[in-house]
Amino acid sequence: MGNQNGFLDKVVLVTGAAAGIGEAAARAFAAQGANVVLADIDQEGEQVAKSLCSQGYQAVFHACDVSNTASVTTLFAFIQDTFGRLDIAFNNAGIDIESTKLADGSEDVFDKIMDVNVKGVWLCMQHEIQTMLKTGGGAIVNTASVAGLGAAPKMSIYAASKHAVVGLTKSAAVEYAKKGIRVNAICPAVIDTNMYRRAVASDAKKALAIGAMHPVGRIGKVEEVVGAVLYLSSDAAGFTTGATLPIDGGSTAI
Ligand code: NAD
């Protein structure tokens with residue numbers, strides 16, 4: 001079992017861990033010896049945790065809707081009772097259910113996206129910071145997006161939600177900088193997960209066009225995101241806080 005990043009027996013929370021970027025991050029933390037709590041609204045996370053345990057890693061699933069206060073409170077009571085600490089949190093759960101121009105958007109979609117992408121991150125950060133303060137610090141990584149750094153046509157609500165994640169990240173980073181808590185955000189462009197596959201819906205032309213939007217000429221892989229998450233969570237990033245790291249094949253360099 002590798003431990004090059006110092007994650008051995010660290011308690012790590014990953015939200016949105018049942019699939020995609022979250023699942024890949026949970027697997028990577030576990031493979032480096034961390035004690036991983038996988039949280040997701042989708043019970044499929046139980047299978048991910050089971051598969052990690054069957055490989056001899058430390059992982060446990062806890063069902064949680066990050067947009068629901070009671071559900072988040074229960075998750076953190078579980079973490080406190082089980083481990084008594086939290087070293088690293090990857091706030092990654094998020095949704096993308098929009099493909100209309102701003103003037104055609106619905107209030108229902110606005111509320112859903114904001115509830116999960118913004119309130120969910122905010123609620124989890126509140127508990128994470130309170131828990132980390134008790135043990136002298138920790139590292140938080142939030143999943144924003146390139147849509148948190150610039151325009152996202154036909155996804156303005158999503159873009160607004162990810163700009164909000166950047167705002168929460170930077171503000172908390174400064175507020176807790178002297179308390180040993182680092183807070184950073186990753187800003188991926190298009191990554192090959194269910195979220196992307198749902199958007200493309202096996203339309204090969206659309207897939208090609210999306211790949212071509214990135215200077216490198218292709219979309220990203222979950223492993224290419226996870227490397228950044230592990231780095232920002234590790235002591236190697238000890239002087240990095242409040243950063244918004246594009247993982248975007250050059251998209252934001254244009
Ligand atoms: P995904 O759909 O494969 O995984 C998202 C996970 O979040 C799912 O397991 C889902 O069940 C979970 N989830 C959704 N709502 C939840 C809730 N209320 N409470 C708890 N869990 C919930 O998508 P992904 O691509 O892995 O997305 C992960 C994050 O990355 C999201 O925040 C997304 O906005 C962001 N992101 C994705 C891309 C991309 O192209 N895939 C690009 C930039 C940012």
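The model is predicted. Strand β1 (residues 11-15) pairs in parallel with β4 through three bridges and in parallel with β2 through five bridges. The structure also holds one cavity of 30 Å³ or more, and the second largest pocket has a volume of about 190 Å³.

- Six of the six residues of β2 are buried, so the strand is largely enclosed by the rest of the structure.
- On one side of β2 lie Asn 35, Val 37 and Ala 39, while Val 36, Leu 38 and Asp 40 lie on the other, and both faces are covered.
- In a regular strand, side chains alternate between the two faces of the sheet.
- β1 and β2 run parallel and are joined by five bridges; Leu 13 stands opposite Val 37 of β2.
- Six bridges connect β2 with strand β3 (residues 58-63), and these two strands also run parallel.
- Val 36 has Ala 59 of β3 as its bridge partner.

**Strand β4 and its neighbours**

- Strand β4 spans residues 88-91; Ile 88 and Phe 90 point one way, Ala 89 and Asn 91 point the other way, and all are buried.
- Three bridges link β4 to β1 in a parallel arrangement, and Ile 88 of β4 is the bridge partner of Val 12.
- Four bridges link β4 to strand β5 (residues 138-143), again with the strands running parallel.
- Within β5, Val 141 is the residue that stands opposite Phe 90.

**Crossover units**

- β1, α1 and β2 form a right-handed β-α-β unit.
- A right-handed β-α-β unit is also made by β2, helix α2 (residues 44-54) and β3.
- β4, α4 and β5 likewise make a right-handed β-α-β unit.

**The largest cavity**

- The largest cavity contains about 40 Å³ of space.
- Its lining consists of Thr 15, Val 66, Asn 91, Asn 92, Ala 93, Val 116, Gly 120, Val 121 and Cys 124.
- Helix α4 (residues 107-135) gives the most to this lining, with four residues.
- Five of the lining residues are nonpolar and four are polar, and no charged residue takes part.
- Asn 91, one of the lining residues, belongs to strand β4, where it points the same way as Ala 89.

**The second largest pocket**

- The volume of the second largest pocket is about 190 Å³.
- The pocket is lined by 16 residues, and those nearest its centre are Lys 10, Asp 87, Gly 138, Ser 233 and Asp 235.
- By class, its lining has three nonpolar, eight polar and five charged residues.

**Buried residues of interest**

- Because its relative accessible area is 10%, Gln 32 counts as buried, the cut-off being under 20%.
- The side chain of Gln 32 is in polar contact with the side chain of Asn 5, at 3.1 Å.
- Ala 39 has its place in strand β2 and is buried, with a relative accessible area of 1%.
- Ala 39 and Ala 49 are ten residues apart along the chain, and their C-alpha atoms are separated by 9.9 Å.

- Val 216 lies in the loop between α7 (204-212) and α8 (222-233) and is exposed, with a relative accessible area of 51%.
- Val 216 and Gly 249 are 33 residues apart in sequence, yet 5.2 Å apart in space from C-alpha to C-alpha.
- Asp 9 belongs to the segment before β1 and is partly exposed, with a relative accessible area of 47%.
- The phi of Asp 9 is near 65°, a positive value in a residue other than glycine.
- Ala 201 occupies the loop between α6 (194-200) and α7.
- Ala 201 has a positive phi of about 45°, although it is not a glycine.
- Because its relative accessibility is 51%, Ala 201 counts as exposed, the cut-off being over 50%.

Key. Residues are numbered from 1 along each chain as its sequence is written. This is a predicted model: local features need pLDDT of at least 70, side-chain atom pairs count only at pLDDT 80 or more; totals for chains, interfaces and linings use all residues. Side-chain values use heavy atoms; hydrogens and water are left out. Buried means under 20% relative accessible area, exposed over 50%, partly exposed in between (1.4 Å probe, protein chains only). A polar contact is a pair of N or O atoms within 3.5 Å; within protein, one must be able to donate a hydrogen and the other to accept it, and residues adjacent in sequence count only if both atoms are side-chain atoms. On a 1 Å grid over the protein atoms alone, a cavity is a set of points where a 1.4 Å probe fits but cannot get out, and a pocket is an open set with protein on both sides within 12 Å along at least five of seven lines; lining residues have an atom within 4 Å of a point. Grid points are joined across faces, edges and corners, and a volume is the space filled by probe spheres set on the points. Ala, Val, Leu, Ile, Met, Phe, Trp, Tyr, Cys and Pro count as nonpolar, Asp, Glu, Lys and Arg as charged, and the others, Gly among them, as polar. Two strands pair if DSSP finds at least two bridges between them. A crossover is right-handed if, with the strands pointing away from the viewer, the path from the first strand over the helix to the second runs clockwise.
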